[in-house]
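Subject: Handover of a structure, with notes

Dear colleague,

I am passing this structure on to you, and I would be grateful if you read the notes below with the sequence and the model side by side.

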Amino acid sequence: MKQRGRHRRRKRGQALRAFLAGTALALTAAATMISASQATVAANPGPLKPLTSAADTDPLRLKESRVPQSALDRLSSAMGRPAGVSAVLDSADRSLGDAIDCTAGERRALPVAPEATAAYCWDTADTRSWRAGAVTTSGDADDDGLWGAHRVILSAWSRTGTAAQDGGLARVAFVDADDMNRPTYSWVLLAVPVDGGRDYRGLVSQVSGMVWYQNKLLVTANGDGGGDALYVYDMNRIQRATVDSDAVGKVRGGWSAHGAQWVLPAVASYRLSADTGAARPDYLSLDRSTAPDSLVASEWVSGDGDAGTRVWRYDFSTSPARSGLLATDTGGYARVAEAYVTKASGSGPVLSHDSQWYLGRAAHTEGDHGTLWRQNPKDPAKAARCGTDETRNCWSGESESLSYWEQTGDVWSQSGRVLFALPLASIDRSLG
């Protein structure tokens, strides 16, 4: 029976690869029409310009702030013993559909070139009124690519609508990726302790950036108000929601997480610098090719102007007592380890590996494809070309995240209701 099961999975995998190859051909054929509908094609942004002066880098520093241990202890005492990632995976009661099950409209969100080698679709009813955000994996979390015995993908979503409609709430799908022929997932609501740990509120953020490193999850706070730039979550402090309702926090009969089974309270945050020109990290990724490992960040700047976009990195701490936190100085500031300006304004997701920087640029028009640039401080920028007119608009237009799984060589991202992966090597080959 096991042998027959493996045979079926292998044949299904072959069918999926053939299906995705056919999808890529169809997207390539349409690329000329897509680019023709756009007013302009992005000019080559050239090499990265290093930022080295204190006047340039000080505005990028972040001040670390911890949630008091007493507040965390009070909350866990009231909610019950915290759980871990394995418990969330064991409770997974929802499934992702593979590429064959995606609609034609959903598949149009995939890159034209290079082609995706894996693709999955989120259930429409389960994600209605929610917007897809960043992706990170257990490949970020640990250098063996596993969390315990599991392969895991985390996918962030933010609720659309007004504050009165709970707009801005953020949740994360914990995807059991042990068998990607049948991936399952469960929802975890991101929260912030309040009232000294006697309650919690929902995090209000688009979560355009998210990185899971060691036992910490760092997410962007671009909408939560105040000066917080990033929130930090401890993956060993996941709490179970005991009441299934639309409310968030303490309710009659227990604790609610807006319909999610689990809630993850923040344990720390990083606040923006008060310096003029302070930049909010809008997009994040992990770079394991640096020593020490580093958190890569970029800001979003409108593509309508001439202002450049800053990209930079922070070192992670190497102290066992600061697992998953950024390296800080004696004043509690995380300072920039490296920073650049790119002329690729309107950029979105960012990835850095082996001194190369990859920047996704949004499409000019909703529904069209964007551009994925590769840059470094020395060489001209490069982007894949596709279609009969050799357009550079070959990347997914709505992608907000690039996450490199070093153990498999794959880059994971998502666009709309489509989660997809492709080898970093194929991205580099497409750039010539």
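This is a predicted model: local features need pLDDT of at least 70, side-chain atom pairs count only at pLDDT 80 or more; totals for chains, interfaces and linings use all residues.

Strand E24 (residues 356-361) and strand E25 (residues 371-375) pair in the antiparallel sense over 5 bridges, and Gly360 has Leu372 in E25 as its bridge partner.

Residues are numbered from 1 along each chain as its sequence is written, and side-chain values use heavy atoms, with hydrogens and water left out.

For the chain as a whole, the secondary structure comes to 8 helices and 29 strands. Of the 432 residues in the protein chain, 56% are buried; buried means under 20% relative accessible area, exposed means over 50%, and partly exposed lies in between (1.4 Å probe, protein chains only). Among the contacts in the protein chain with a separation of 6 or more, 65% are between residues 24 or more positions apart, a contact being heavy atoms within 4.5 Å. The protein chain exposes about 17,800 Å², of which carbon and sulfur atoms supply 48%; accessible areas come from the Shrake-Rupley method with a 1.4 Å probe, and for residues only the protein chains shown count as cover.

Next come the disulfides (pairs of cysteine sulfur atoms within 2.5 Å), of which the structure holds 2. With bonded cysteines counted along the chain, they follow the pattern 1-2, 3-4. In one of them, the sulfur atoms of Cys102 and Cys121 are 1.8 Å apart, and the torsion about the S-S bond is about 120°, so this disulfide is right-handed. The pair links distant parts of the chain, with Cys102 in the loop between strand E4 (97-98) and helix H5 (104-107) and Cys121 in strand E5 (residues 118-121), 19 residues apart. Cys102 is buried at 6% relative accessibility, and Cys121 is buried at 7%. In the disulfide of Cys386 and Cys394, the sulfur atoms are 2.2 Å apart, and the torsion of about -105° makes the bond left-handed. Cys386 is buried at 4% relative accessibility, as is Cys394 at 1%.

The structure also holds 16 salt bridges, each being a side-chain nitrogen of Lys or Arg within 4 Å of a carboxyl oxygen of Asp or Glu. One of these joins Asp228 and Arg271, whose closest N and O atoms are 3.2 Å apart. That pair links distant parts of the chain, since Asp228 is in strand E13 (residues 228-234) and Arg271 is in strand E17 (residues 262-272), 43 residues apart. Asp228 is buried, with a relative accessible area of 10%, whereas Arg271 is partly exposed at 37%.

Asp228 has a further partner in Ser269, as the side chains of these two residues make a polar contact (3.1 Å); such a contact is a pair of N or O atoms within 3.5 Å, where within protein one must be able to donate a hydrogen and the other to accept it, and residues adjacent in sequence count only if both atoms are side-chain atoms. Ser269 is found in strand E17 and is buried at 7% relative accessibility. Leaving aside neighbours within four places in sequence, Ser269 is in contact with Lys63, Glu64, Ser65, Asp228, Leu230, Tyr231 and Val232.

Glu64 in turn meets Arg66 in a salt bridge between their side chains (3.2 Å, N to O); Glu64 is buried at 15% relative accessible area, while Arg66 is partly exposed at 48%.

With kind regards

Notes: Helices (H or I, at least four residues) and strands (E, at least two) are DSSP runs, numbered from the N terminus. Two strands pair if DSSP finds at least two bridges between them.
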